[in-house]
Amino acid sequence: RWITGISVLALAGMLFLTSCQGVEDLPDDKTDPAGTQDTAVQSKETAFGTFVSQTLDGTEVTQDIFAEADLTMVNIWGTFCGPCIAEMPELGELSREYEGSGVRIIGMLCDVYEPGDEEALEIIEATEADYMHIVASEDLMKGNLGAVQAVPTTVFVDKEGKQVGKAYPGATDKETWKQRIEELREEVQ
């Protein structure tokens, strides 16, 4: 009976998590054993390093994509992640509200490796998260994307691709994201 009780408590605890555990086989050199970061996304040079990848529609992109905005919000998500999908409608709204303002939102998939993934495209259409979504290329997975321990995780970067502020694990609401965007926007201007 006590094993059943422990199992029930463990299951209940997992149901209350605000983020999904996702990416496995994390590289040891990307973790933070001292616990000084909220997630393992970190780099001395840039948040995502030098990479070549594609968007879900097949357009090739590199780290130069970040130069197109003063501040880019990179929301790392997975098609298996309920909290990721739940926050996407509000991220879509934010993306439309900030259009042309120097702030950009990009989705980065941790579990889709090729353009045209039907499940990802259906999620994006259903949630109206019509901003750019980048698939997990080999370059990205060898770098910091492969070290993300939970999704969603959101990282803000400047024009040079350098991380601004800390990484934010877990889903959050539109107003909280707006407040963070405005605070971090001041840091890059």
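Select Glu-182 and Arg-185 first: both sit in helix α5, three residues apart, about one turn of the helix. This is a predicted model. Now show the two side chains. Glu-182 and Arg-185 meet in a salt bridge, 3.4 Å from N to O. Colour the pair by accessibility. Glu-182 is partly exposed, with a relative accessible area of 34%. Arg-185 has a relative accessible area of 17%, so Arg-185 is buried, the cut-off being under 20%.

**Next stop: a network**

Which residues do salt bridges with shared partners join into one network? Select Glu-93, Glu-97, Lys-174 and Lys-178: these are the members.

Zoom in on one pair, Glu-97 and Lys-178. Their side chains meet in a salt bridge of 3.1 Å, N to O. The pair links distant parts of the chain. Glu-97 is in helix α2, while Lys-178 is in helix α5, which covers residues 174-188. The two are 81 residues apart. Glu-97 has a relative accessibility of 41%, so Glu-97 counts as partly exposed. Lys-178, at 28% relative accessibility, also counts as partly exposed.

**Stay with helix α2**

Select residues 82-98 to see helix α2. The side chains of Arg-96 and Asp-130 meet in a salt bridge, 2.7 Å from N to O.

Arg-96 counts as partly exposed, at 34% relative accessibility.

Step back for a moment. How many salt bridges does the structure hold? The count is nine. The pairs on this tour are among them: Glu-182 with Arg-185, Glu-97 with Lys-178, and Asp-130 with Arg-96. Side chains of opposite charge can pair when their charged atoms come close.

**Last stop: a charged patch**

Turn to the surface view. Select Glu-118, Glu-119, Glu-122 and Glu-125. These four gather in a patch of negative charge on the surface. Keep Glu-125 selected and switch to the cartoon. Glu-125 is found in helix α3, which runs over residues 118-127. Glu-125 counts as exposed, because its relative accessibility is 66%.

How values were computed: Residues are numbered from 1 along each chain as its sequence is written. This is a predicted model: local features need pLDDT of at least 70, side-chain atom pairs count only at pLDDT 80 or more; totals for chains, interfaces and linings use all residues. Side-chain values use heavy atoms; hydrogens and water are left out. Patches are made of residues with over 30% relative accessible area and no salt bridge: like charges are joined within 9 Å, nonpolar side chains (Val, Leu, Ile, Met, Phe, Trp, Tyr) within 5 Å. Accessible areas come from the Shrake-Rupley method with a 1.4 Å probe; for residues, only the protein chains shown count as cover. Lys and Arg count as positive and Asp and Glu as negative; His and the chain ends are not counted. The place of a charge is taken as NZ of Lys, CZ of Arg, CG of Asp or CD of Glu. Helices (H or I, at least four residues) and strands (E, at least two) are DSSP runs, numbered from the N terminus. Buried means under 20% relative accessible area, exposed over 50%, partly exposed in between (1.4 Å probe, protein chains only).
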